[in-house]
Amino acid sequence: MSLSMEGKRMLVVSAHPGDVLWRCSGAVAKHVKLGGTATIIVVTYGTGGEANELMKAGLTVAEAKALRKRDLTRSAEILGADIEFWDMQDYRFEITQDKIMKLAQKIRDLRPSLILTHHGKDILNPDHGYMLEYVNMSLEVATGHGVPLDGAPADRAPIFCFEPHDSESNGFVPNLFVDITDVIDIKKAAMATCELKAPLAETYVNRAKYRGQNAGSFGRKGCKYAEAYEAIYPIAEYGYFVW
Ligand SMILES: [Zn+2]
C-alpha cells in the first residue's frame, strides 16, 4: 500500500526537548517524507530534570535553555518540522486554565489531523503523564462551541501516545507500530544534535530495532526499525475493520 500524508498535519506536544527525539522523531520524519507537515511544541525546556547533565556541568538555567533550544531547532530542521518552545515551568508541570486556552487556540489555528504526545503514566517522570491530560483537555476545549477562542471549533484529532522510557512499569501497551526503517538515519541525525544525551540515542536505536521485530511479528514485512504507539481513542473513521 502506498501512503500519502499530503494535507495531513501532525502536532507533537512534548513535555521536554529530548522526548521528541527519543520517542517520536522517526514518525515525524516519516510523516514529512510522506508529504505531510509536522509542528512540534516543546512545552518546557526540561531544566528541572531532563537537562540535569547541563546543570551539573555548571550551566545556568538560562544557558541550559539556550543550548536546548539550539539543539532542538537543529533537530527540527533535520526532521523537516516546525518547532515552538513554550518555556513553561517543569517539575512540576501544572495544568492551568491559561495553559489549556493557549494549547486549545493552537489546535484551532493548526487544525491537526493527528496528535502525538506522552503516555498517561510515567512513574519516573510524572510531568510526562500530566501532558496527556493537558493535551486531551485542550483538545476538548478546542472542539467546543461556547469557549472564548478565535476561529471555528476544531475536529477531534486522534491522539497517539508515544513510548515512555520504561514501558512495563507504566502499563504502556502498544497497539500501533510505525515503520521507521526508511527514516532511521534521519532519526539518528536528529538525536545526534543532543551530544550530552548520546548514550540515550543508542538506547533508542536499540528500542527501535526491538519494536521493528515486534512489528514484523504482527505482519509488517521487512520492518527493521519501528516506534511503538498507543492509540487512546478507538478508530471509528472508516466504519469498518481496518488493517
Ligand atoms: Zn521528558
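Modeller: Two residues are in contact if their C-beta atoms, placed from the backbone, lie within 7 Å. The structure is a predicted model, in which local features need pLDDT of at least 70, side-chain atom pairs count only at pLDDT 80 or more, and totals for chains, interfaces and linings use all residues. Residues are numbered from 1 along each chain as its sequence is written.

Colleague: Among contacts in the protein chain between residues at least 6 apart in sequence, what percentage join residues at least 24 apart?

Modeller: The set considered holds contacts in the protein chain between residues at least 6 apart in sequence. Within that set, the share that joins residues at least 24 apart is 75%.

Colleague: What pattern does the protein chain follow along the sequence?

Modeller: Helices (H or I, at least four residues) and strands (E, at least two) are DSSP runs, numbered from the N terminus. The protein chain has 7 helices and 7 strands. Read along the sequence, their pattern is β-α-β-α-α-β-α-β-α-β-β-α-α-β.

Colleague: Which residues have the most contacts inside the largest nonpolar core?

Modeller: A residue is buried if 20 or more other C-beta atoms lie within 10 Å of its own, exposed if 12 or fewer, and partly exposed in between, with C-beta atoms placed from the backbone. A nonpolar core is a set of buried Ala, Val, Leu, Ile, Met, Phe, Trp, Tyr and Cys residues joined through C-beta atoms within 7 Å. The largest such core has 61 residues, and those with the most contacts inside it are Val12, Val28, Ile40 and Ala226.

Colleague: Is Asp87 buried or partly exposed?

Modeller: Asp87 has its place in strand S3, and its phi is near 50 degrees, a positive value in a residue other than glycine. Most residues other than glycine have a negative phi. Because Asp87 has 13 C-beta neighbours inside 10 Å, it counts as partly exposed.

Colleague: Where is Arg111 found?

Modeller: Arg111 is not a glycine, yet has a positive phi of about 50 degrees. With 14 C-beta neighbours inside 10 Å, Arg111 counts as partly exposed. Arg111 is found in the loop between H4 and strand S4 (114–117).

Colleague: Which peptide bond is cis, with omega near 10 degrees?

Modeller: Most peptide bonds are trans. Arg92 lies in the loop between strand S3 (82–88) and helix H4 (97–110). The cis bond runs from Tyr91 to Arg92.

Colleague: At what angle do helix H1 and helix H6 pack?

Modeller: Leu21, Ser25, Gly26 and Ala29 in H1 meet Ile184, Ile186, Lys187, Ala190 and Met191 in H6. Axes are lines fitted to C-alpha atoms, for helices over the stretch in contact, and angles run from 0 to 180 degrees between N-to-C directions. With their axes 9 Å apart, H1 (residues 17–33) and H6 (residues 184–191) pack at about 135 degrees.
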